[in-house]
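These are my notebook entries on a single model, kept in the order in which I looked things up.

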Amino acid sequence: QVQLVESGGGLVLTGGSLRLSCAVSGRSIGAWPMGWFRQAPGKEREFVGSISWNGINKYYADSVRGRFTISRDSAKNMMYLQMNSLKVEDTAVYYCAAGSAKYDAKGYDYWGQGTQVTVSE
């Protein structure tokens with residue numbers, strides 16, 4: 001059974017940083033593209049970024065490009081999202097997903113339960 005578990009969320013002040021982790025169990029992520037999405041209250045789930053199976057290609061939403069960085073460690077079966085220069089509008093539940101590197105959430109096969117990120121002024 002494949003499971004994705006996010007961690008690292010929390011409360012941070014504007015301009016601060018957080019690092020989210022996504023731990024995968026049940027299969028190797030070695031050949032799996034993966035992504036991060038987020039959902040704010042009252043809004044639809046939106047693409048944050050994704051990473052190819054080999055970690056070479058990375059894609060970001062315009063709203064986070066230059067501030068967020070995705071990485072992966074296939075040996076540890078982990079994916080990460082380093083978030084810097086956080087803004088209030090980054091407040092959301094963040095989800096990791098596996099099976100695609102596309103912008104559309106429908107392309108992903110597996111999802112984590114989400115971790116809350118709250119940015120306050």
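Which backbone oxygen does the side chain of Arg 72 reach at 2.5 Å? I found that it is the backbone oxygen of Ile 29.

**Basis.** I worked from a predicted model, in which local features need pLDDT of at least 70 and side-chain atom pairs count only at pLDDT 80 or more, while totals for chains, interfaces and linings use all residues. Residues are numbered from 1 along each chain as its sequence is written, and side-chain values use heavy atoms, with hydrogens and water left out.

**Entry 1: Arg 72.** I located Arg 72 in strand E7, residues 68-73. Strands (E, at least two residues) are DSSP runs, numbered from the N terminus. A polar atom of the Arg 72 side chain also lies 2.7 Å from the backbone oxygen of Trp 32. I noted that Arg 72 is buried but has no salt bridge. Buried means under 20% relative accessible area, exposed over 50%, and partly exposed in between (1.4 Å probe, protein chains only). A salt bridge requires a side-chain nitrogen of Lys or Arg within 4 Å of a carboxyl oxygen of Asp or Glu. The nearest side chain of opposite charge is that of Asp 73, 8.3 Å away; Lys and Arg count as positive and Asp and Glu as negative, with His and the chain ends not counted. Beyond four places in sequence, I listed the contacts of Arg 72 (heavy atoms within 4.5 Å); among them are Trp 32, Ile 51, Ser 52, Trp 53 and Met 78.

**Entry 2: Ser 52.** Leaving aside neighbours within four places, Ser 52 is in contact with Pro 33, Asn 57 and Arg 72.

**Entry 3: the sheet.** I traced an open sheet of four strands, in the order E1-E3-E8-E7 and with antiparallel pairing. Strand E1 (3-7) and E7 are the edge strands, each pairing on one side only. Two strands pair if DSSP finds at least two bridges between them. E1 pairs with strand E3 (residues 18-25) over five bridges, and Glu 6 has Cys 22 as its partner in E3.

**Entry 4: salt bridges.** I counted four salt bridges. One joins Arg 38 to Asp 90 at 2.9 Å, N to O. This pair links distant parts of the chain, 52 residues apart, with Arg 38 in strand E4 (residues 34-39) and Asp 90 in the loop between E8 and strand E9 (92-98). Asp 90 also meets Arg 67, at 2.7 Å. Arg 67 lies in the loop between E6 and E7, so this second pair ties together parts that are 23 residues apart in sequence. Asp 90 is buried because its relative accessibility is 0%, and Arg 67 is buried because its value is 11%. Arg 38, Glu 46, Arg 67 and Asp 90 are linked in a network of salt bridges.

**Entry 5: Asp 62 and Arg 65.** I recorded a salt bridge between Asp 62 and Arg 65, with the closest N and O atoms 2.5 Å apart. Asp 62 is exposed, because its relative accessible area is 64%. Arg 65, at 45%, counts as partly exposed.

Technical notes. A polar contact is a pair of N or O atoms within 3.5 Å; within protein, one must be able to donate a hydrogen and the other to accept it, and residues adjacent in sequence count only if both atoms are side-chain atoms.
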